[in-house]
Amino acid sequence: MKYITHWLTVVITLAVLVFLRFQDGGLTETARLKSFDYLQSTDAVVESSDIVIVEFDEKSIEAFGQWPWPRDYLADVVNHLRSQGAGLIIMPILFSEEDRAGKDDVLAQTLQGNGVIIAQTGTTQTNKNAVPRGIAKIGDPIPWLFEWPGMLGPIPELGQSADGVGVLNIAPERDGVVRRMPLIMTVAGETYPAMAIETIRVATGAPSYQVKAGATGVQAVRVPGYPTITTDPYARIWLRWNKQFPSVSIMEATQEHVAGKIVVIGLTAEGIGSTIAAPTGTEYAHTPVAVSLQTIINGDNIVRSDLADTYELAYLFVIGMLLIVAARFFHYGVVAGLIILIGAGTVYGSVHIYSTRLLLFDFSWPVITTVLVGLHAVFNRFVSEYMQKQAIKKQFEGYASPTVVKMLQENPDIIKKGVEREISICFSDLRGFTNLGESFGKDVEGLTKVMNGYMDAISQPVLDSNGMIIKYIGDATMHIHNAPVEDPNHPHTAVETGMRMIEAVEEYSAWLKSQGRPGVEMGAGINSGVGFCGEMGSTKRHSYDVLGDDVSLTARFESQCKAYGVLLIVGSDTVRHVENDFFFLKLDNIVVKGKTEPKQIYTVFRVPDDKTDEYEAHRTKHNAMHELYLNTKFDQCAKACDRLKGSFDGKMDLYYDVWIERCKEMKTKLIPANWDGSYVKTTK
C-alpha cells in the first residue's frame, strides 16, 4: 500500500493521460470531438438569407409519381425555379445512368447556362464519367487530399451541360458524426471539388481553383475572385452547424421563397431521403451541402490551430503538476476548489475562445485529467494520512491519552517536525522489585501480570493528564508534559501527575499485600527545562523522544530518591513556577554527577485538610533546620532533625536520619567561607 499510494504513482497517472493524448487514439479523439460539439451548441442559431432548401417531399411524390421522376420533370423544376427568380440551383442528385424515359436531352438543354450544379461521388466500385476540375498548386497538395479509388459522375450529356459538377462525399469522424467537409478530393491524381466550393466557382465564373500546401499539409483553398478559405491539412473546413435554412416544398415554391437565393434541392420524401449524423442531431443528407456553402459565404470558418495539440499537451502537464503539488501541500478544501476551478475554468475558457475567435480548444481531456489526477492525488494523500494516523495510533495509543493520540493523528507534523521547547520531565522507578520477584519464584507469568498491573497503575495518571510517556525502561518510565501537545501549565501538571502516580502505587501496593505479596513503592524525579522533542532513531526504527541537559538532570534527581529517603524529588526549575500550588519541602542543594552547577531539590506531598496549620508549623522548623545547616551549625542542625522526626506524619523520618548523617560528614570537611550549602554527589 505504501508504494501504491506514493506520490510518484500520481505522476505516473498524469504521464499516462498525457501519453494517451499524445497518441490521440479513439478515446481521446472522440472525447475531443464531443467537446467541440458542445462548443457549437453554445452558438446562437442564425437563419440563412442566402440559401433556401426546396424539398422533393411527400406532396411532390403524390403529384409527380414515384421516384426517380422522368428527367423532363426535373427540367420543369429548374425552369419553374428560374421563373421565380432563383439564383444558383444545387441538385445533389446523381445522374450516373441514362433516364429510363429517354428525357436526358430535355434536361441537358435546360441545364445549359442556367446556373445548375449537379453531383458526382467518390466510390470504391467504379470510375466512370468523372468530371475533374483543374487546380493551380502552390506546393503539392495531392498527398494530403482525401483520395477515392474512383469517381462516379453524371452521364456525359448532363455533365457537359451543367455549369458545375460537385462531389457529394462527406467525411464523417470516427464516431460517424459529420463535423468537417473536404473541399477538394482526388482520384488518381485528378482533383474534384466539393459541391459547396464548386458552387462558389460557378458563382464567380472562375475556371478552376488555387490550392496552397506546405510540409504539414494543405493550408488554404481559394476560388479566384473570392476570399481565401483556410482549411485543415486535409483540405477540410469545419462546418458551423448553427445555420438554419428556410425550406419549402417544390409544390409550393414561389418567388417569395426563392427569389435571389441559392436553391438546394433536398430529397425528403420517405424512402428517397437519406440522413446523416450531425452535432445537432440527425439531418438530411443535403444539409451539409447547405451548411458548408453558408459557412464559406459567411466567412465564419471555425479554426483549429496547427499547434493546438502542442498547447493542449502542455496545458495537461501544467494543470496536472499543479494539482499534484496542491494535493501534497494544501488543505482538501483548497484542492477540491482547485479541481472545480480548473475544470470549470477550462470549459469557460474554451467557450470564450470559441465564441470570440472561433478557435477550437479541447476541454475534454484537460477536464478528464483534472478529475482523474486530482482525485488520485487526493486519494493518495487520504490513504497516506490514514496510514500515518493508524501508525501514530499504534505508536502512541499506549503512551498517550486518546485525546492526545487524536490530536497527533490530525496533525502529524507535531511529532514529525522536531521542536525545541520548555517541558516538564518525570522519571520514575519501582522500589521493592527484588522482594516481589522472589515471592513468585519461577512463576514468571504471574510476575509478568503483576508488573503489567503496576505499569498500568503508574501510566493512567499520565494519560489522564494528557502527558506523553516517552518510554518504558524495564520497571522504570519516562514521561513529559507540554510536548508534543501544548500544556501552558506543564509544571503544575507534572507535579500533580507525579503525586497521583505515587498514590496509584500506594493503592496497588495495598492490593498486593492483600494477595500475600510484598508491597512496592515508586520513586520519581521531576524537573522543568528546555528539551528537543521529535521523532528520533534510524530510518527503519524510530520513535518519539526528547533530548537535553534537563532530561538527564531529571534522571539524576530520580536516582537520588532512595538516598534522601523520599518518594518524589522536584527540581527548583519546576518549583519556582508552582511553589504556591503545592506543599514543598527543601531537601538539598546538590551538584549531581556529571554537572558543575548546584541545583536546589525539593520533595512534595499532600497536606491533609485538617492538618494545614500543623504542617506549616513543621515546615517553618524544617526551613530553620536548613538555615543551621547553611551556617555550618551541624550539631544544632542534627539535633533539630532529631526533634523533627514524627513531623509530617512521619513522611520525612528517613530523610532526617539521612540528614543527621550528613551533618556528621560535613563536620569532618573543610567548609569554604562563602559556602552556599551545595553538596557534590559522586554517584548517580
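The legends below describe close-up views of a predicted model.

**View 1. The largest nonpolar core of the model has 40 residues.** Ile 90, Leu 183 and Ile 296 have the most contacts inside this core. At least two core residues come from each of several elements, including strand E2 (51-56), strand E4 (116-123), helix H7 (195-204) and helix H9 (287-298).

**View 2. Surroundings of Leu 183, with neighbours within four places in sequence left aside.** Leu 183 is in contact with Tyr 192, Pro 193, Ala 194, Ile 197, Val 221, Ile 229, Thr 231, Ala 235, Ile 237 and Ile 296. Of these, Ile 296 is also named with Leu 183 among the residues with the most contacts inside the largest core.

**View 3. Helix H21 spans residues 612-630.** Its 19 residues reach 27 Å from the first C-alpha to the last, close to the 27 Å expected at 1.5 Å a residue. Buried residues of H21 are Tyr 615, His 618, Arg 619, His 622, Met 625, His 626, Leu 628 and Tyr 629. They pack against strand E27 (584-591), helix H22 (634-644) and helix H23 (653-667). After H21 comes Thr 632, with a positive phi near 60 degrees.

**View 4. Tyr 602 in strand E28 (residues 599-604).** Tyr 602 counts as buried because its relative accessibility is 18%, and the cut-off for buried is under 20%. Leaving aside neighbours within four places in sequence, its contacts include Leu 568, Ile 569, Val 570, Phe 584 and Leu 587. His 481 is 121 residues from Tyr 602 in sequence and 19 Å from Tyr 602 in space, C-alpha to C-alpha.

Definitions and conventions. Residues are numbered from 1 along each chain as its sequence is written. This is a predicted model: local features need pLDDT of at least 70, side-chain atom pairs count only at pLDDT 80 or more; totals for chains, interfaces and linings use all residues. Side-chain values use heavy atoms; hydrogens and water are left out. A nonpolar core is a set of buried Ala, Val, Leu, Ile, Met, Phe, Trp, Tyr and Cys residues joined through side-chain atoms within 4.5 Å. Buried means under 20% relative accessible area, exposed over 50%, partly exposed in between (1.4 Å probe, protein chains only). Helices (H or I, at least four residues) and strands (E, at least two) are DSSP runs, numbered from the N terminus. Contact means heavy atoms within 4.5 Å. The expected span of a helix is 1.5 Å times one less than its number of residues.
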